[in-house]
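Please read this briefing with the sequence and the structure side by side, and take each group of points in turn.

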Amino acid sequence: MPRSLLLLIIVVLVLSACGQPTAQQPVPPTTSATSEPTTPEVPPTPTLDLPTPPPQITAAPAPAEAPIPAGWWNGAVCYEIFVRSFYDSNGDGIGDFNGLIEKLAYINDGDPNTINDLGATCIWLMPISDATSYHGYDVIDYFAVHPEYGTNDDFKRLVEAANARGIKVVIDLVLNHTSVDHPWFQEALRDPNSPYRDFYLWSNDKPLYRGPFGNNEVWHKSPVADEYYYGLFWSGMPDLNYRNPAVTAEAQRISLFWIEEMGVDGFRLDAIKHMIEYQAAQADTPETHEWLRAYRQFLDARAPGTFTIGEIYDAGPSALENYFPDQLYYYFEFEVAAAIRTAANIGLASTFRKAVDAAYTELPDQRWSAFLTNHDQNRVMSGFRDDVSKAKIAAFALLTIPGMPFVYYGEEIGMVGVKPDEDIRTPMQWTKEEFGGFTAGLPWRNPQGDYPVKNVLMQEEDPDSLLNTYRRLIHLRVNTPALAGGDFTPLETDSSSVSAFMRHTDEQTLLIVINFDGATLPNVAISGAAAGLAPGAYTLTTLYGAAAPPELSVGPDGTLAGYVPLAEIPGRTGYVFELNTP
């Protein structure tokens, strides 16, 4: 055999023994002594997409119109209450339903001719169901009130007493999640074959994605098995699985119980943008919108006239518009709240006007609610560094703009509080007595240290107090049709610190002027479209504020031009003027 042929056979045999490259085994790139090695392509590390996501829902187009019926919410002012901190009737240091009943006359005495009460027409109670934690957002029994607050019968008496004074009762309904101590979860945790297993979300392996709150952990290790469960907020509150029709049926049953058996007038729904997740998409999913539509349809059919308001944290018009028109009735408007606080704090009106105008024009039918702060935020008076003039002008702005205003308990007397959460939910300061007159025992949390000089009793005796300012403003709001629900027309001013606008119905037109600055401003001029008023000269009556404005002229083109309502507008003051037909 020729030597060349023998060498060829040897080479073939060696290659056969090593195996030929295939499409699944790329040939390594060649290199030379004079070139840099070529780095082979490395496929990306696979992402654990567990559990396997269900098919994603494409939300149906929302109808062009889906108006809500007229009801008590038109023109209402709502007062947010943490029952645990409002008033303790039995000396155990914890506020309760009977204590709230004793204090209902403070909220509304039922006589529209007096202003010795706040005049609020609605109360929103933070969670009252039996729960694991002090705050109540981790429910263990949806059909029983928290025993520290009283009994179901006590709650029914509260609703009856409130309604007798013209106060509607809205409760916090926590449907997004339960406590880990809820019997549903405990059974699902220990028995994979339980009918409650699919009430929650499970995964054998821990998915890699995290949550929307600063990259928070959302998949939590089971304490009894080698698996994980989903809980958006923390491990103690596992999310319910609303892809399971049985869970929705339970939510409906719970809702009807509170309406039909317990007598509530509506629900504040917590964390609604997180109702149904689609794997790493954990907010505002199409499935969430579809669920809310179906929930409203259910209430409209079974309990028509049930008020609903949703919390979508930090949301303004761009986020809220997808929740209209056919889902919940109302939503909290966080951007307006922030704009009021900013305007009162730094004395600039532009952000305030922009936020209110956007909410009014981009969201339908004033179906949004402004506020100053709530139970999740540092108290507004702490942000104002205890400046009462800032608190008063913020209250004036809140109670004269469109929408449905909410007032957090104690805000009306200037209570302070900075997180942790327990310190923004401290006991109501009723008197200068020990623990602010909240309890005859030891309170669950000490009141703020300023209660001896800042309390309801002392402010009732001062006509110019923050409390009496709130009382006058809320009564004016509720009893003045154009303020309660009238249209809104912003006006231009020649001062960056002054906001002016009109509120108007067919029968009434108001001019509102607000100086957010701490300084007195002379000769501020107002211009703009005059809310459809006919040309002519109008006299003005002062409904709020100590002033006698001059005649206002509307030109042939229906506008105001350089109208100066006051020679001077004192710092942080607001005015409501009613225009009289010429």
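In this predicted model, Arg293 counts as buried, since its relative accessibility is 9%, and Asp326 is likewise buried, with a relative accessible area of 13%. The side chains of Asp326 and Arg293 meet in a salt bridge, with 2.9 Å from N to O. This pair links distant parts of the chain, because Asp326 lies in the loop between α8 (317-320) and β11 (330-332) while Arg293 belongs to helix α7 (residues 286-302), and the two are 33 residues apart.

**Salt bridges**

- Side chains of opposite charge can pair when their charged atoms come close.
- Across the whole structure, a search finds 25 salt bridges.
- Glu227 and Arg197 form one of these salt bridges, in which the closest N and O atoms are 2.5 Å apart.
- That pair links distant parts of the chain, with Glu227 in the loop between β7 (219-221) and β8 (228-230) and Arg197 in the loop between α5 (183-190) and β6 (202-203), 30 residues apart.
- Both Glu227 and Arg197 are buried.
- Arg445 forms a salt bridge with Asp423, and here the closest N and O atoms are 3.0 Å apart.
- Arg445 and Asp423 both lie in the loop between β13 and α13, so the pair ties together parts that are 22 residues apart in sequence.
- Arg445 counts as partly exposed at 28% relative accessibility, and Asp423 is also partly exposed, with a relative accessible area of 24%.

**Aromatic rings**

- The count of aromatic pairs in the structure comes to 46.
- Phe97 and Tyr149 form an edge-to-face pair, with 5.9 Å from centre to centre and 75° between the planes.
- This pair links distant parts of the chain, as Phe97 is in helix α2 (residues 97-102) and Tyr149 is in the loop between β4 and α4 (152-164), 52 residues apart.
- Phe97 is buried, with a relative accessible area of 0%, and Tyr149 is buried too, with a relative accessible area of 3%.
- Tyr106 and Trp430 form another edge-to-face pair, with 5.0 Å from centre to centre and 80° between the planes.
- Tyr106 in helix α3 (residues 104-107) and Trp430 in the loop between β13 and α13 (456-460) are 324 residues apart, and their pair links distant parts of the chain.
- The charged end of Lys103 sits over the ring of Tyr87, 4.6 Å from its centre, while the charged end of Arg84 sits over the ring of Trp444, 5.9 Å from its centre.

**Cavities**

- Rolling a probe the size of a water molecule over the atoms shows where empty space is left.
- The structure holds three cavities of 30 Å³ or more, and the largest cavity has a volume of about 60 Å³.
- Residues lining the largest cavity include Arg268, Glu311 and Tyr408, and strand β13 (residues 406-408) gives the largest share of this lining, three residues.
- By class, the lining of the largest cavity has seven nonpolar, two polar and three charged residues.
- The second largest cavity has a volume of about 50 Å³, and Asp172 is one of the residues that line it.
- The largest share of the lining of the second largest cavity, three residues, comes from β5.
- By class, this second lining has eight nonpolar, two polar and one charged residues.

Note on methods:
Residues are numbered from 1 along each chain as its sequence is written. This is a predicted model: local features need pLDDT of at least 70, side-chain atom pairs count only at pLDDT 80 or more; totals for chains, interfaces and linings use all residues. Side-chain values use heavy atoms; hydrogens and water are left out. On a 1 Å grid over the protein atoms alone, a cavity is a set of points where a 1.4 Å probe fits but cannot get out, and a pocket is an open set with protein on both sides within 12 Å along at least five of seven lines; lining residues have an atom within 4 Å of a point. Grid points are joined across faces, edges and corners, and a volume is the space filled by probe spheres set on the points. Helices (H or I, at least four residues) and strands (E, at least two) are DSSP runs, numbered from the N terminus. Ala, Val, Leu, Ile, Met, Phe, Trp, Tyr, Cys and Pro count as nonpolar, Asp, Glu, Lys and Arg as charged, and the others, Gly among them, as polar. Rings of Phe, Tyr and Trp (its six-membered ring) pair if their centres lie within 6.5 Å; planes under 30 degrees apart count as stacked, over 60 as edge-to-face and the rest as tilted. Buried means under 20% relative accessible area, exposed over 50%, partly exposed in between (1.4 Å probe, protein chains only). A charge sits over a ring if NZ of Lys or CZ of Arg is within 6 Å of the ring centre and within 35 degrees of the ring normal. A salt bridge is a side-chain nitrogen of Lys or Arg within 4 Å of a carboxyl oxygen of Asp or Glu.
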